[in-house]
Amino acid sequence: MKTISKGGAAGTAQANLTRQQLEELEERQKTPFQKVLDLLISLLPLVAGLAAVLEYRLLPDSFSNPVPNTYLWFLLVCIGLYAVRLLYGLAVLALKQDKRPFQKTRFRAPLYTALFLLLAGYDYLTLKTGILTQPLVPCVNSIMNAAWGDRVMLLTSALHTLRLMFIGYFIGVALGLVTGITCGYSKRVRYWVDPIIKFLGPIPTSTWIPIIMVVSGSLFGGAIFIIALGSWFAVTVASMTGVSNVDKDYFEAAKTLGASERQLVFRVAIPHAMPNILQGMTQALSTACTAIMVAEMMGVKAGLGWYITWAKSWASYDKMFAALFVICMIFTVVTRIMNMVKKHVLRWQAGVVK
């Protein structure tokens with residue numbers, strides 16, 4: 001019995017190790033060479049950023065490049081921000097013996113290095129050599145100048161896109177949660193709804209766009225319907241799967257303790273199905289991003305998709321690329337926020353004891 005107790009206590013202690021403690025254990029096992037290698041890898045983004053600056057300044061331009069300092073200042077600001085972050089991590093490591101800031105910088109260093117090298121390579125293929133045909137593929141400096149010059153219209157278009165996307169997304173998520181949880185909990189409801197889901201599921205969202213644009217009296221309303229439809233399907237399937245896979249023993253135990261039907265749904269089914277539900281919401285966000293771009297390009301008279309079509313019709317390829325970068329930044333931020341929410345709600349999965 002004593003042996004079992006000791007084993008159980010050891011297993012519990014091991015399970016209760018926080019992520020920080022695990023990282024500290026790994027750090028202790030590193031050799032001096034590995035620690036020096038970590039420092040060198042952390043310095044690589046500075047070297048790559050300097051290489052990008054030298055490539056832009058020293059190599060001759062093959063095409064006209066008005067207002068050339070925009071891209072140069074962008075590179076210098078990025079290098080400066082990373083240098084401050086690296087110095088902060090080293091200072092905290094030396095003064096407080098806290099390795100987390102430096103470890104985060106070390107983890108991101110290869111990615112930042114690749115980004116600087118990618119910018120240098122793109123500038124070389126466009127502005128310096130013209131291997132990527134100008135002006136069909138503009139250089140980074142031209143894209144930045146176009147974005148700054150047309151910043152008011154880009155901001156207005158971005159706000160239109162976000163409004164349209166979030167209205168359709170939240171409508172689809174709300175309806176999907178109701179449908180999915182109900183179908184997952186009730187076999188009778190699933191009997192009638194499941195065939196509809198299987199029938200509509202294989203049809204791509206973009207297929208509905210020409211039909212909705214003709215039937216709907218409002219292009220804005222039709223775009224919302226398309227976004228909501230894709231979001232509804234992703235959340236419905238994920239929620240239904242999550243609720244239906246909840247262990248039946250949990251329901252039996254809750255009924256034994258006197259739980260009502262409402263408590264079975266909100267206290268048992270939904271909490272245990274939350275990983276699936278959040279995964280469906282993340283997938284729905286991706287679907288909404290795709291659907292809104294297609295909808296705006298085909299009919300809606302505002303938004304970033306419309307802006308891209310408008311810029312292309314005037315052969316303003318620098319503005320078109322600027323809108324593409326704005327779309328990437330917006331959707332990256334939105335996805336990151338969604339992942340933060342998901343990480344916060346499912347923090348119990350990491351097994352971290354605060």
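## Overall fold

Take the contacts between residues at least 6 apart in sequence: 73% of them join residues at least 24 apart, where contact means heavy atoms within 4.5 Å. Keep in mind that this is a predicted model, so local features need pLDDT of at least 70 and side-chain atom pairs count only at pLDDT 80 or more, while totals for chains, interfaces and linings use all residues. Numbering runs from 1 along each chain as its sequence is written, and side-chain values use heavy atoms, with hydrogens and water left out.

The secondary structure comes to 14 helices and zero strands. Helices (H or I, at least four residues) and strands (E, at least two) are DSSP runs, numbered from the N terminus. Walk along the sequence and you get α-α-α-α-α-α-α-α-α-α-α-α-α-α.

## Surface and burial

The chain has 354 residues, and 36% of them are buried. The cut-offs here: buried is under 20% relative accessible area, exposed is over 50%, and partly exposed is in between (1.4 Å probe, protein chains only).

Phe33, Val36, Leu37, Leu39, Leu40 and Leu43 make a nonpolar surface patch of about 540 Å². Patches are built from residues with over 30% relative accessible area and no salt bridge, joining like charges within 9 Å and nonpolar side chains (Val, Leu, Ile, Met, Phe, Trp, Tyr) within 5 Å. The salt bridge in that rule is a side-chain nitrogen of Lys or Arg within 4 Å of a carboxyl oxygen of Asp or Glu.

## Rings and a charge

There are seven aromatic pairs in the structure. Rings of Phe, Tyr and Trp (its six-membered ring) pair if their centres lie within 6.5 Å; planes under 30 degrees apart count as stacked, over 60 as edge-to-face and the rest as tilted. One of the pairs is Tyr82 with Tyr112, edge-to-face at 5.7 Å centre to centre with 80° between the planes. Tyr82 lies in helix H4 (residues 69-95) and Tyr112 in helix H5 (residues 100-128), so the pair ties together parts that are 30 residues apart in sequence. Tyr82 is buried at 5% relative accessible area, whereas Tyr112 is partly exposed at 24%.

Tyr169 and Phe170 form another edge-to-face pair, 5.5 Å centre to centre and 65° between the planes. Tyr169 counts as buried at 3% relative accessibility, but Phe170 is exposed at 52%. Ring pairs also bring in Phe166, linking Phe166, Tyr169 and Phe170 into a cluster. Elsewhere, the charged end of Arg151 sits over the ring of Trp148, 4.1 Å from its centre; the test is NZ of Lys or CZ of Arg within 6 Å of the ring centre and within 35 degrees of the ring normal.

## Two buried serines

Ser157 is in helix H7 (residues 151-185) and counts as buried at 4% relative accessibility. Leaving out neighbours within four places in sequence, Ser157 is in contact with Gly303, Leu304, Trp306 and Tyr307.

Ser231 sits in helix H10 (residues 219-244) and is buried, with a relative accessible area of 0%. Not counting residues up to four places away in sequence, Ser231 touches Gly168, Tyr169, Gly172, Val173, Ala284 and Ala288.

How values were computed
Accessible areas come from the Shrake-Rupley method with a 1.4 Å probe; for residues, only the protein chains shown count as cover.
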